[in-house]
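Let's take a walk through this structure together.

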Amino acid sequence: MSTVNKYDAIVIGGGHNGLTAAAYLSRAGKKVLVLERRYILGGAAVTEEIYPGFKFSVCSYVVSLMKPNVMRELMLPKFGLELLPLESTFTPLDNDYLLRTADADQTYREIARHSRKDAETYMRFGPAMGQIGMAVRPILETVAPNAIRPSLSDMGAMKKLLDHFKSLSSEQFEYLTKLMTMSSADFLDEWFEFEPLKASMSASGIIGTFMGPRSPGSAYVMLHHYMGDIDGAFRAWGFQRGGTGAVSMAIARSAEHFGADIMTEASVEKVIVKNGRAVGVALENGDEYCSDIVISGLDPKLTFLKMVDESDLPSDFVTDIKNFRIRGSSGKVNLALDALPNFTCLPGDGHHLRGAISISPSYDHLERAYDDAKYGNFSQEPYMDIILPSVIDPDMAPPGKHVMSCFVQYAPYDIKGGWNDQKREAFGDVVINTIARYAPNIKDIILHRQVLTPADLESIFGLTEGNIFHGELSLQQLFTMRPAVKWADYTTPIKNYYQCGSGTHPGGGITGSPGEMAAKKILGIWS
Amino acid sequence: MSYNNPFTAETQLKLSPFFERTSKLNESQEWRRWSGYLSATQYELTHDNEYFAIRTKAALLDITPLYKYIIEGPDAQRFLDRLVTRNIKICKVGQVMYTPWCDEDGKQIDDGTVQRLSENKFRITSAEPNLEWLDTNAAGMELSVSDDSKTTASLALQGPNSRTILNIIASESLDSLKFFWMTDTHFGDIPVSISRTGYTGDLGYEIWMDPKDALDVWDLLLEKGKPYGITPTGLQALDIARIEAGLILLDIDYISTRHAIIESRKSSPYELGLGWAVKLKKKDFIGKKALAAEQARGPEWEFVGIEIEWNELENHYRKVGLPPRLPGTAWRTSTPLYKGNEQVGYATSGTWSPILKRYIALAHVKAEYAKENTQLDFELKVEHFRKLTPARIVKTPFFDPERKRSCPQ
């Protein structure tokens, strides 16, 4: 059954970017097939009922930068995209807390409780970051030009970016340079003094990377996360009703609406390459599908080192991909709870449970957690970004019960002796103990615990080394370098083989952006 | 952070029977006036959660300030059928009809719902007082008109989880209660009427009760509704939802003919998108002649939904170095719409729709420009300067989920 199954495009991987690319290509009238290895769509943006009645956003748990034009063009609200606001960031401390809410005055008073200076600085910081966001956004929305052999459209793009940079204020330049080079700790030290505030803010600079808050380059990751706040009025940061899987399902329904075929439990073994051109794919079950082009939504390692033969690629490119840094640094613990956690520093139910709960009392806490990982151990007192999805969306758990999503860092992929069941449980215990330090009742209310190590993220979700961003968001792996120089515009050295995952520009997070821009690039080449 | 600041104040406004609860829950202490009542603008410091309760959970709103009248007697049906534009003869017991009513010139006085409580007993709700208009038109008929505004308290429970919550509390299941029907039931031993109606365009119900039971009903709903995300909700969130639902608001989207002063301020149901509710086949009703004539020649104005196009809006802001500024709440300032150099309409309410991710508004547009997809220019102020930005005429309701009308299988 080979030549019957002829498509214009085949997308490998039904993650949110693969689905986005498929939706855009279908929308343009192309015949598209999406092949997903698992039984369920979504890749890392997936909702699964791991424990009866409790829905977990198993991996990716919040929606940051979902592009407004993607939502509109793919009509995602019509197909189920519903983003609820995450209201606050709560940092519990041993005898106190820091709670930042959506209300500026309330947040001012709260920070002033700890540092009057920081409270005022905080009011300046948001707009300043917004300005930087404005400066960076055009870069994120430009297909990375091939700087070595630029095409006409590449030159157009470079000219546009150059003009954009010329229009930036000296202040924007200063901050941009600092954010691109500094550590998040150093950058924040220039602004703030209250340690828990700085640590909580710096935490977004380490998420998904193998860096500590004092590692140079971490400030950029912080900016990457801040992008979600820029379009504040449209609440780009949010929690998807039904979990992040519902974002993927909305995109999938949109793709199907435009005519795409989507198959699950269809594991691609190899891209079929003939005379240097991709002509289709072969599944593990022996089926073959032909197509004019093949697009991989997988990470660069799988896209180039597994899906095709090295012999089909230039050797320098293979070296680049092998050197591409994709070290996983985080794990995920999902809990089914019988009741709400009760924080000693702020007991009972309240607004503080409706947003992010950040276990980040100090730089030292985060940096020590990183130190453990540097030497091949998981953190003994990890950094955590916790949310209680059922507080925002009660349908996530049975009435009165709750689910808790804990993003945990650090858990290195290359742990001493390798990951095994025993280590996974020990890692889970450390997470629970760390939470229990602030909310002692946690141990009594756990109905079920799902612990995912980087090794699990790799084996279940196909994230190489368990890296949530398909490769670190460090400067040498961004824009024209993501995933490799000359091949950052979604093309690959193999003709008719394209890439559209988070390992391409502008990187990870539930943005739809790589999928969208890859599809638009491909449609440009096609026409 | 203290959530328990005691707060008491004097007011000359009326207090709803729910006020004892709502005043304590209102963390923002932001209130609006609604028909002389103190009515919560929002309960939390920002209204986002309340808005999303309407669309994704269950929002509880005190709608007691609505004007309500009971029409009872052998002529009640005949009377109402003559008064409003809908066909009340086909309104069955337990059915509810949304309807406008007009003066003899076919210009709209008000709009509301007519509930048929029994063969000869109806309740009509309105935005403004209508007792005098009802009384005047009841002359010579065998019926009584009584003001039910203070004798019935009401709550709206709106949102996808509203049915689940009511099914837990009510003595009978609401699974078979259809859109725009109502039923009498009990919450424990408290008698209540529940209508499947609302002002949000979502699955939702309105609960009608004796004011003496108000606090018990409120407490019961909050207690049983908690695991389903029940959220006390104010008018800020409601205003966004009703615009998404394409529902008009008296004094904002139109002016009652009774205090329009000048002719051009008056609107007919045809000009308010309510042509579907004018039943010209009915034998006779107030304003029929004028409405029939208007229908024959076609209305001069139409009431439409518009969407303000995103990319151009963003460009306007980008030019001044700002990210797009969007209204955080619904606005109610009349805003001009142009075709070329000519002003051909005006938007009367608008909002950023958090669920649709679109900037939408309701607008009066001259009939010849009111066709779907017609592109007009919307006046936008960017950094104090007036700009024109494209807007497109789109169908309303902007948001129309299937659950609004459907019943569980």
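Is Tyr51(B) buried or exposed? Keep in mind that this is a predicted model. Tyr51(B) counts as buried because 31 other C-beta atoms lie within 10 Å, and the cut-off for being buried is 20 or more.

So where are we in the chain? Tyr51(B) sits in helix α2 of chain B, which covers residues 48–56. If you set aside neighbours within four places in sequence, the contacts of Tyr51(B) are Ala237(B), Ile240(B), Ala241(B) and Pro354(B). For a sense of scale, Lys14(B) is 37 residues from Tyr51(B) in sequence, and their C-alpha atoms are 25 Å apart in space.

Some of those contacts lead us to another helix. Two packed helices are described by the angle between their axes and the distance between the axes. Here, α2(B) packs against helix α7 of chain B (residues 235–244) at an angle of about 45°, and the axes are 8 Å apart. That angle makes α2(B) oblique to α7(B), and the crossing is right-handed. On the α2(B) side, Glu50(B), Tyr51(B) and Ile54(B) make the contact, while α7(B) brings Ala237(B), Ile240(B) and Ala241(B). Sort the residues of this contact and you get 5 nonpolar, no polar and 1 charged.

Now step back to the nonpolar core. In soluble globular proteins, nonpolar side chains tend to be buried together. The largest nonpolar core here has 266 residues, and those touching the most other members are Ile10(A), Ile12(A), Ala22(A), Val34(A), Ile295(A) and Leu157(B). Take Ala22(A): leaving out residues up to four places away in sequence, Ala22(A) touches Val11(A), Val32(A), Val34(A), Ala255(A) and Ala260(A).

Technical notes. Residues numbered from 1 in each chain as written. Chains lettered and ligands numbered in written order. Predicted model: local features only at pLDDT ≥ 70, side-chain atom pairs only at ≥ 80, totals over all residues. Helix = DSSP H or I, 4+ residues; strand = E, 2+ residues; numbered from the N terminus. Buried ≥ 20, exposed ≤ 12 C-beta atoms within 10 Å, placed from the backbone. Contact = placed C-beta atoms within 7 Å. Core = buried A, V, L, I, M, F, W, Y, C linked by C-beta atoms within 7 Å. Axes fitted to C-alpha atoms, helices over the stretch in contact; angles between N-to-C directions. Parallel < 35°, antiparallel > 145°, perpendicular 65-115°, else oblique. Left-handed = near helix turned anticlockwise from the far one by under 90°. Nonpolar A, V, L, I, M, F, W, Y, C, P; charged D, E, K, R; others polar.
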